[in-house]
Structures are given as structure tokens and as C-alpha cells.
Amino acid sequence: MHGRSECRTLVPGLGAEHLHILQLLSQGRTMAQVARRLGVSERTLRRRLRVICEHVQVETPVEAVVWAVRRQIL
């Protein structure tokens, strides 16, 4: 993953935590595993994923991961 300041430059509006969520999902981790790793509930994680999906204009978290990989963000 790129440095934190570079991430903000590459994806205006998405912070390092958002990109970290996508990175964890891209590694094949489940929602439960990602939530545990971040120390949040699955409901909070789903809410954050909705924000990410809306921001990059996709429907699902998988599409958001694909979006980031195609742009070489992850």
C-alpha cells in the first residue's frame, strides 16, 4: 500500500482507514475478521463500506476492491 499522505492524494475523499478496509478485504478476509482487526462492530464496518461504495460509485464492497486494484491504489 502507498504511504498515508499519498493515499489521500490518490483518492480525494477517502482516508487511509477506508483504503485499509479495502486492502484487508482484498486479502480475502471476511467482514467479521476485518471488523475484529479494526476493533469495530460488523455493523460499523458495513456502514463504512457503504460510504466507500457511494464515494467510488459502485454497488458492492467487492466492486470497490476491484475499483481500487484497477487504479493501482491497492
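Which residue just after H2 takes a positive phi of about 90 degrees? That is Gly 28, and here is a friendly tour of the rest of the fold. This is a predicted model, in which local features need pLDDT of at least 70, side-chain atom pairs count only at pLDDT 80 or more, and totals for chains, interfaces and linings use all residues. Residues are numbered from 1 along each chain as its sequence is written, and side-chain values use heavy atoms, with hydrogens and water left out.

**Overall picture**

- The protein has 5 helices and 0 strands; helices (H or I, at least four residues) and strands (E, at least two) are DSSP runs, numbered from the N terminus.
- Along the sequence, the pattern reads α-α-α-α-α.
- Of the 74 residues, 31% are buried, where buried means under 20% relative accessible area, exposed means over 50%, and partly exposed lies in between (1.4 Å probe, protein chains only).
- The accessible surface comes to about 4800 Å², with 47% of it belonging to carbon and sulfur atoms; the areas come from the Shrake-Rupley method with a 1.4 Å probe, and for residues only the protein chains shown count as cover.
- Among contacts (heavy atoms within 4.5 Å) between residues at least 6 apart in sequence, 44% join residues at least 24 apart.

**H2 and its partners**

- Helix H2 spans residues 16–26, and its buried residues are Ala 16, Leu 19, Ile 21, Leu 22, Leu 24 and Leu 25.
- H2 packs with H4 at an angle of about 105 degrees, their axes 10 Å apart; this makes H2 roughly perpendicular to H4.
- For these values, axes are lines fitted to C-alpha atoms, for helices over the stretch in contact, and angles run from 0 to 180 degrees between N-to-C directions; under 35 degrees counts as roughly parallel, over 145 as roughly antiparallel, 65 to 115 as roughly perpendicular and the rest as oblique.
- H2 brings Glu 17, His 18, Ile 21, Leu 22 and Leu 25 to the contact with H4, which supplies Leu 45, Arg 48, Leu 49, Val 51 and Ile 52.
- The contact of H2 with H4 has 7 nonpolar, 1 polar and 2 charged residues; Ala, Val, Leu, Ile, Met, Phe, Trp, Tyr, Cys and Pro count as nonpolar, Asp, Glu, Lys and Arg as charged, and the others, Gly among them, as polar.
- H2 also packs with H5, at an angle of about 100 degrees with the axes 9 Å apart, so the two are roughly perpendicular to each other.
- Leu 22, Leu 25 and Ser 26 of H2 meet Pro 61, Ala 64, Val 65 and Ala 68 of H5.

**H3 against H4**

- Helix H3 (residues 31–38) packs with helix H4 (residues 42–56) at an angle of about 100 degrees, with their axes 9 Å apart.
- On the H3 side, the contact is made by Met 31, Ala 32, Val 34, Ala 35 and Leu 38, and on the H4 side by Glu 42, Leu 45, Arg 46 and Leu 49.
- By class, the contact of H3 with H4 has 7 nonpolar, no polar and 2 charged residues.

**The two sides of H5**

- Ala 64, Val 65, Trp 67 and Ala 68 are buried in helix H5 (residues 61–70).
- These residues lie on the same side of H5, because they cover an arc of only 160 degrees around the axis, taken from the directions from the helix axis to the C-beta atoms.
- Val 62 and Arg 70 are exposed on the other side of H5.
- H2 and H4 are among what covers the buried residues of H5.

**A buried loop residue**

- Leu 14 sits in the loop between helix H1 (4–10) and H2, and Leu 14 is buried, with a relative accessible area of 2%.
- Leu 14 and Val 51 are 37 residues apart in sequence and 9.1 Å apart in space, C-alpha to C-alpha.
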